[in-house]
Amino acid sequence: MSDFEVIVYEKKDGKGYITLNRPQALNAYNMQMRDELYQVLEAVRDDPDVRVVIFKGAGEKAFCAGADLTEFLTAPSPTIARQVRWERDVWGLLLSISKPIIAALHGYVLGDGVEIAMCCDIRVASEDAQFGAPEVGLGIIPAAGGSQTIPRVTGRAHALDMLLTGRWVKAEEVLRMKLVNWVVVRGDLLATVEKLADKIAGYDPLAVSYAKQSVTRGLDLSLGQGLELEANLGRQLQAARD
Ligand code: COA
């Protein structure tokens, strides 16, 4: 994994750390990052040593300041730039991973930054974090799932407030919107996330995976179908134990 340039991937005690690593550009998401992230996500999905994944951003200022605006300028249009990114379905891959994924969010969390966070299962922000969805102001709409994932977490009104106004929202407010689970002081961010990850990594990985699947897949089902899914997964877990 050492040949990556804009992603750092590390493993320690059952945890896989994925660090967005373009601090000089506030970890803006570019095509190279998309390609490297795709490879790293395949690796964490397939590596039994990785029980929990942690997403974070390098540098002091940002988790991720959104799509790389310089690539927008070189593409024929922002829409085509976005389309190109979709051709490699990194977000579909991220959402399909059945291991728990925790986001450590600091500084600027904009555009793709919010959308990456929304593909994670648990989100912890530091007090200095600022969130925003500037896409509509740039004449485009979210393309990493944000128009679907944000309302599923916050509800319609908060999602449309963020997406239509593009206003920046501070950590305390995103906590009220339920966009993040916790807000902690900056110095405690990584330790808080690692503590959660270690706790989960200590549990039976199959039970963890099935619990995640039951919730995430169940959200797209009716209550009746969801209960059926839960019962099925419970039976599969029991069978795997027997
Ligand atoms: N794409 C490409 N480069 C970016 C970037 C982005 N989305 N966001 C920041 N950068 C680069 C800046 O161009 C600058 O590069 P430079 O040092 O070579 O000039 C560097 O990161 C630092 O950013 P800077 O603007 O100097 O930091 P700041 O603290 O003054 O402002 C922001 C921070 C986030 C307010 C500002 O960078 C910004 O508005 N970024 C764009 C956010 C955006 O619209 N994202 C697209 C979402 S779809």
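Tyr-29 is buried, at 0% relative accessibility. Here buried means under 20% relative accessible area, exposed means over 50%, and partly exposed lies in between, with a 1.4 Å probe and protein chains only. The model is predicted: local features need pLDDT of at least 70, side-chain atom pairs count only at pLDDT 80 or more, and totals for chains, interfaces and linings use all residues. Residues are numbered from 1 along each chain as its sequence is written, and side-chain values use heavy atoms, with hydrogens and water left out.

Tyr-29 has an aromatic partner, Trp-91. Their ring centres lie 5.1 Å apart, with 35° between the planes, and the pair is tilted. Rings of Phe, Tyr and Trp (its six-membered ring) pair if their centres lie within 6.5 Å; planes under 30 degrees apart count as stacked, over 60 as edge-to-face, and the rest as tilted. Tyr-29 sits in the loop between β2 (15–20) and α1 (31–46), while Trp-91 belongs to helix α4, so the pair ties together parts that are 62 residues apart in sequence. Helices (H or I, at least four residues) and strands (E, at least two) are DSSP runs, numbered from the N terminus. Trp-91 is also buried, at 4% relative accessibility.

The whole structure holds two aromatic pairs. Tyr-108 and Trp-168 form an edge-to-face pair, because their centres are 5.6 Å apart and their planes stand at 70°. Tyr-108 is in strand β6 (residues 108–110) and Trp-168 is in the loop between α7 (156–165) and β9 (169–170), so this pair ties together parts that are 60 residues apart in sequence. Tyr-108 is partly exposed, with a relative accessible area of 24%. Trp-168 is partly exposed too, at 42%.

Now return to the loop between β2 and α1. Most residues other than glycine have a negative phi. Leu-26, which is not a glycine, has a positive phi of about 55°. Leu-26 lies in this loop, and is partly exposed at 23% relative accessibility. Asn-27 is found in the loop between β2 and α1 as well. Its phi is near 55°, again positive in a residue other than glycine. Asn-27 is buried, with a relative accessible area of 0%.

Next, the domains. The chain is divided into domain 1 (7–200) and domain 2 (204–241), with bounds from an automatic or database domain assignment. Their centres, taken over C-alpha atoms, are 26 Å apart. Nine residues from domain 1 and seven residues from domain 2 make the contact, where contact means heavy atoms within 4.5 Å.

Where does the largest pocket lie? Both domain 1 and domain 2 give residues to its lining, so the pocket lies between them. It holds about 790 Å³ of space. A pocket is an open set of points on a 1 Å grid over the protein atoms alone, where a 1.4 Å probe fits, with protein on both sides within 12 Å along at least five of seven lines; lining residues have an atom within 4 Å of a point. The volume is the space filled by probe spheres set on the points.

The lining has 27 residues, and the closest to the pocket centre are Cys-120, Asp-121, Val-215, Thr-216 and Leu-219. Elements that give two or more residues are α4 (90–96), β7 (122–126), α6 (146–154) and α10 (205–218). Of these, α10 gives the most, with seven residues. By class, the lining has 13 nonpolar, seven polar and seven charged residues. Ala, Val, Leu, Ile, Met, Phe, Trp, Tyr, Cys and Pro count as nonpolar, Asp, Glu, Lys and Arg as charged, and the others, Gly among them, as polar.
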